[in-house]
Amino acid sequence: MSVQYKLIHCNINGKEVEKMVDVRASLTDMLRNEYRLTSVKKGCEVGECGACNVLINGEAFNSCIYLAVWAEGKKIETLEGLLSPDGSLSDVQQAFVEESAIQCGFCTPGFIMTTVEILNAKKLYTDEELRKLLSGHLCRCTGYENILRAVKKVMYRRLGKEIDF
Amino acid sequence: MYDMKALYEAQSVEDAIRLRIEHPEAQIIAGGSDVLVQMREGKRAGKELISIYMIDDMRGVSLDEEENLRIGSLTSFSHITRDPLIQKYCNVLGEAVDQVGSPQIRNIGTIGGNTCNGVTSADSASTLHAWEAIVELTGSKGVRRVPIKDFYIKAGTVDIAPDEIQTAILIPKTSYENTYGHYIKYGLRNAMEIATLGCSVNVRLSTDKKTIDRCRIAYGVAGPVPMRCPSAEAVANGAEPTKELAKKFSHAVIDDINPRDSWRASKAFRQHIAVEMAERALEKAVELAGGEMK
């Protein structure tokens, strides 16, 4: 076939942007190749591991099974958007560091963006609920316990409650 | 990059119908969590796609003029679970689709895609059968409404004409009124799992809560397509909700279901858990309806 391109306009990490995109591209392809947002990892590429997870209009999506053309008019957030202009980390990122919720780091951006979505609900979840909310991500290093602790830590802190591990 | 031949994007239902007629070979893609994965795996590689994902008119839950529950086909699983109308009138559907895949899959997966796939294991399918949902299809000649049991023709095949797309799923008022249901999914793990067996039971009790006025039960993966169990329903209809009845009811499902041996589970195991799930789901449904299992 002749290659089919389309102009895609969207908001990425607070900036209005537009680029000509190959219609065969996934959102992962577009974010990595056109915008150099390499926190968006290519993992399984079939929507199982969550390494490519980004927020679209505030909800978590596996960008590997999301067509780039569907980004038209949407608000997209990646891990890069969490960093403040002076380079300091967000509370979620900092908690992942403090709780050693990272080893190789490949799953981390995906986990962190899901955590951002979870905590935006401003609710106090039980461990069981948090495990379910985090279940769309695979981590082969940490065994998940430290990730759960990091998420819980920020959840309690943001709600102004004592941490109860 | 996906190995696709061409992508046609529909911005409206009319657009989608026109594209269906212009490109008869093309595959419809809604959320894409099945189609894109199959394309990646090579099964649908090199095909043309008609994307309907951007048709926002096909999203959302509402009550129509006859107070039937109307679920737009592109409504995502997570939006169904969170919807106040679903929570009020058909909570079990929200609970059932909350067991699909993972949170991210539930944000992209649509109820239309889940049913148009025609797979027996779809988490929405047993509940939609048990609640006698109506499938709304829109085509060049207008709107057609098909009962869900007729919509499923055989494994992987549903009743959609070449010029049609599914635009909504309706749950009639007569079906949801005073009705309470429960869904049980049996899988080997909690997340990212396809049901070994899914069982959805709902009941409507008499005003004094002493009689089951209407009981409906449906399974996914108990046959090539989702199915109701008329023999079991006949046992429960008009009966008093007792533990003994639940036992009789659950054993009657064996006459109705036809599970197969697969790598996931044997036929014998599926039959075994089908009985157990029917009993538990009936007890829970009666409890939700305000009744008591004596």
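1. Strands here are DSSP runs of E of at least two residues and helices runs of H or I of at least four, numbered from the N terminus.

2. As to conventions, residues are numbered from 1 along each chain as its sequence is written, and chains are lettered from A and ligands numbered from 1 in the order in which they are written. Because the model is predicted, local features need pLDDT of at least 70 and side-chain atom pairs count only at pLDDT 80 or more, while totals for chains, interfaces and linings use all residues.

3. Strand β4 (residues 61–63) of chain B pairs with β5(B) in the antiparallel sense over three bridges, where pairing requires that DSSP find at least two bridges between the strands. Within this pair, V61(B) is bridged to I71(B) and S62(B) to R70(B). The hairpin of β4(B) and β5(B) has five residues between the strands, and E67(B) takes a positive phi near 65° there.

4. β5(B) also pairs with strand β10 (residues 165–171) of chain B, again antiparallel, over four bridges, with A168(B) as the bridge partner of G72(B). The resulting open sheet of five strands in chain B runs β4-β5-β10-β6-β7 with antiparallel pairing; its edge strands are β4 and β7 (142–147), each of which pairs on one side only. The twist averages 25° from one strand to the next, and helix α1 (residues 13–22) of chain B packs on the sheet, touching β6 (134–139) and β10, with its direction at about 130° to that of β10(B) (axes are lines fitted to C-alpha atoms, for helices over the stretch in contact, and angles run from 0 to 180 degrees between N-to-C directions).

5. Leaving aside neighbours within four places in sequence, I52(B) is in contact with A10(B), A16(B), I28(B), A30(B), L74(B) and I165(B), contact meaning C-beta atoms, placed from the backbone, within 7 Å.

6. Between the chains, 27 residues of chain A are in contact with 24 residues of chain B. Strand β4 (residues 59–62) of chain A gives the most to the chain A side, with four residues.

Technical notes
Contact = placed C-beta atoms within 7 Å.
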